[in-house]
Amino acid sequence: MKVTILDDYFDTVRTLNCFAKLKDHEVKIWNDHAQDTDTLAERLRDTEALVLIRERTKIRTSLLERLPKLKMISQRSVFPHIDADTCTKLGVIISSSQHPELPSYATAELTWALVLAAMRKLPQQMASLKAGQWQCGVGSTVRGKTLGIYGYGRIGAVVAGYGKAFGMNVLVWGREKTLERARQDGHAVASSKNEFFERSDVLSLHMRLVDATRGIVTAADLARMKPTAVLVNTSRAQLVEAGALVLALKAGRPGLAGLDVFEDEPMRDTSNPLLALDNVVLTPHIGYVTIEALETQFVDIFDQINAYASGSPINVVNPEVLGSAQLRR
């Protein structure tokens, strides 16, 4: 099959051990990012299997309708960036492993790195040192403080464990099903959303972005946070009400933030107001970007391509396409 891999920024995929799984296919890799429909339509005109690295490129109807040779899209995890209904209508299979048994330890580790970097003001201290000014202020420890976990899923549970190891008091909020799981794991559960935001010294978001969670953290929620508290988001920027976080940080509640996600990605706008704030630690959506995590991710992605090529697609999220007269040959 003719396989195209998009958005491999550092030409990493071909260095992975699992890349050998594509030895029987004709592979084209793009190392830059493009979202323009005309550009993508040209790049993908002969593509039969399209590989996506998470949500870096949106695959919308206007593009899909110009790709008559496309047979499948192979990726991992959720797929809000793909017009799945159009894929089904056009007979394009979407194979996407949901890896239900495995949390992203890479994302959990980055979450904790942002917690410590924000609390100890590491970027500011580094900048001061490089400027020849030695120390520039006083940070805070996490021991004895309250770690709020909003969304006690696979990653949230791992981060809660990190908090316990650092001597923090874990407090959980979210759906009742996840609250029950947190109770079973021995964690405290907030009595209300208001209490959760008021008590948390570090508040970390760990929810999927769906219609029900979009904007779930409101300006009023942020205003309840302590001026010494830090909000950490390695999930999705759109979980927070649009524009609310910048205003909250300027107002001093919360006093700090650690962010790995942005409303528009890749975020290359140097005038973004978040970049002008000195109480924010920012990373360019690298939560899952480690060699180990990519190796795990692409094993699934390449296995899905080979399964399709052998006539037995796996991890199909639009099964209506299977057996359909519209299925592309």
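Colleague: What makes β2-β1-β3-β4-β5 an open sheet, and in which sense do its strands pair?

Modeller: The five strands follow one another in the order β2-β1-β3-β4-β5, with parallel pairing, where two strands pair if DSSP finds at least two bridges between them. The edges are β2 (26–29) and β5 (93–97), each of which pairs on one side only. Strands here are DSSP runs of E with at least two residues, and helices are runs of H or I with at least four, numbered from the N terminus. This is a predicted model, in which local features need pLDDT of at least 70 and side-chain atom pairs count only at pLDDT 80 or more, whereas totals for chains, interfaces and linings use all residues. Residues are numbered from 1 along each chain as its sequence is written, and side-chain values use heavy atoms, leaving out hydrogens and water.

Colleague: How do you know that β1 and β3 pair?

Modeller: Strand β1 (residues 2–5) and strand β3 (residues 49–51) share three bridges in the parallel sense, and the requirement is at least two, so they count as a pair. Within this pairing, Ile 5 has Val 51 of β3 as its bridge partner.

Colleague: Why is the contact between Lys 226 and Asp 201 called a salt bridge?

Modeller: Their side chains meet at 2.8 Å, N to O, and a salt bridge is a side-chain nitrogen of Lys or Arg within 4 Å of a carboxyl oxygen of Asp or Glu, so the pair qualifies. The two residues lie 25 residues apart, Lys 226 in the loop between α9 and β10 and Asp 201 in the loop between α8 (193–199) and β9 (202–205).

Colleague: Why is Asp 201 called buried, and why is Lys 226 called partly exposed?

Modeller: Buried means under 20% relative accessible area, exposed over 50%, and partly exposed in between, with a 1.4 Å probe and protein chains only. Asp 201 has 11% and is therefore buried, whereas Lys 226 has 27% and is therefore partly exposed.

Colleague: Which residues of helix α10 are buried, and what covers them?

Modeller: In α10 (residues 244–251), the buried residues are Ala 244, Leu 245, Val 246, Ala 248 and Leu 249. Their cover includes α9 (219–223), β10 (230–233), β11 (256–259) and β12 (280–282).

How values were computed:
Contact means heavy atoms within 4.5 Å.
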